[in-house]
Amino acid sequence: MAKKKTNSESSTSKKTKNDVAVGVVGSGSFATAIVKILVENCKTVHWCVRNEFVKGAIELRGHNPTYLTAVNFNLKNLKLTTDVNELVTACDVVVLATPSIYLSDTLDKMTCEYKDKIFVSAIKGIIPKVNDVVAHYLKEEFQIEFRNQAVIAGPCHAEEVAMERLSYLTVATVEDEVSEKLVSIFNSDFIKVNSSKDILGNEYSAILKNIFAIGAGIASGLGYGDNFTAVFVSNAIREMETFLEAIYEAPRDVNESAYLGDLLVTAYSLFSRNRNLGNLIGKGYTVKSAIQSMNMVAEGYYAADSIYKTAKQKKLELPIIDTVYGILYEGKNAEKQFRKLTAKLN
């Protein structure tokens, strides 16, 4: 009987593999999906996981024991570690894919030389330590300039990557050479990659869409239907554009996939953890109990506080952001707040 191919030995395995030394930091669902994408194109993928248990389980079983467990890896393609310095030293490209609330704890351990590395953020949240986005955090705390940074945007749910359903990524970076390198290692039979130079716009839009998705989930939990959700998302993309223009003016079209597409999939998909969090709240769970019931981090919860305060500082009118913040952080009644919100949407 012929040996069954693992996911990493798909139809692309006959292609010449890339020699770029690339590593992924993080072992959640999106980190696991990124490793799956990268092993399609790269001879070796370095993977820094959170602890020895996860490392040992992957080495023993060939898959992540907690997230995307159906994705099996050929261990010959992986170099596993729990030491971020070991990974950064070995790699030219470092993909950061931890939840935002854990990134500073991870990078604070980085003592090796890293200034010539390319750091790619696959994180869609605010860094609590500095109350800022990853791009600014890397630049201010580690002096990693934008020319050595990139941001990955969707729409791209980890679960669909695991099933090899066609998905799209946008790689945002200011350097053409960096863009070409990243496109070459992420593009595959089931991943199509677009490029952009709007680093901050892509990063902020990925954060904003998570907050909007919580709102869409609350609406669903309250019993609002598809008609309302369509109006909600239409208003959300306008709020996103208002916020992005106030934060960082740049040539961009928010109707492109990295902005509107990612918002749509996060607001509508049952795979969306932020939508699911909102749905629980809409059904009557307290915010605390809804968060505790989930086994993954919903980045939109943590981001809502920072985005709301930034919007207020800039005197922006963002009714959806205001509504979601009030429910999450001020204990306001979801049903009453959405009734008020409906009068402001068009």
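Okay, let's start with a contact between two helices: Leu103, Ser104 and Leu107 in α4 meet Val134, Tyr137, Leu138 and Phe142 in α5. If you sort that contact by class, you get 6 nonpolar residues, 1 polar one and no charged ones. Before I go on, keep in mind that what we're looking at is a predicted model.

So how do these two helices sit? Helix α4 covers residues 100-107 and helix α5 covers residues 134-142. Their axes come within 12 Å and cross at roughly 20 degrees. Angles under 35 degrees count as roughly parallel, and α4 and α5 are therefore roughly parallel to each other. As for the handedness, α4 passes α5 in a right-handed crossing.

Now a second pair. Helix α14 is residues 319-329, helix α15 is residues 334-342, and they pack at an angle of about 170 degrees with their axes 10 Å apart. Are they roughly parallel or roughly antiparallel? The cut-off for roughly antiparallel is over 145 degrees, so α14 is roughly antiparallel to α15. On the α14 side, the contact is made by Pro319, Ile320, Thr323 and Ile327, and on the α15 side by Ala334, Gln337, Phe338 and Leu341. By class, that's 6 nonpolar and 2 polar residues, with no charged ones.

Right, on to the strands. Find Thr81, please, in strand β3, which is residues 78-81. Is Thr81 buried or exposed? Its relative accessible area is 6%, and buried means under 20%, so Thr81 is buried. Its side chain reaches the backbone nitrogen of Asp83 at 3.0 Å. And which residues does Thr81 touch, leaving out those up to four places away in sequence? Those are Trp47, Cys48, Val49, Lys55, Glu86 and Leu87.

The last stop is Ile191, in strand β8, residues 191-196. With a relative accessibility of 0%, Ile191 counts as buried too. Again not counting residues up to four places away in sequence, Ile191 touches Ile37, Cys156, Val161, Leu166, Ser167, Leu169 and Phe186.

Definitions and conventions: Residues are numbered from 1 along each chain as its sequence is written. This is a predicted model: local features need pLDDT of at least 70, side-chain atom pairs count only at pLDDT 80 or more; totals for chains, interfaces and linings use all residues. Side-chain values use heavy atoms; hydrogens and water are left out. Helices (H or I, at least four residues) and strands (E, at least two) are DSSP runs, numbered from the N terminus. Buried means under 20% relative accessible area, exposed over 50%, partly exposed in between (1.4 Å probe, protein chains only). A polar contact is a pair of N or O atoms within 3.5 Å; within protein, one must be able to donate a hydrogen and the other to accept it, and residues adjacent in sequence count only if both atoms are side-chain atoms. Contact means heavy atoms within 4.5 Å. Axes are lines fitted to C-alpha atoms, for helices over the stretch in contact, and angles run from 0 to 180 degrees between N-to-C directions. Angles under 35 degrees count as roughly parallel, over 145 as roughly antiparallel, 65 to 115 as roughly perpendicular and the rest as oblique. A crossing is left-handed if the near helix is turned anticlockwise from the far one by less than a right angle, and right-handed if clockwise. Ala, Val, Leu, Ile, Met, Phe, Trp, Tyr, Cys and Pro count as nonpolar, Asp, Glu, Lys and Arg as charged, and the others, Gly among them, as polar.
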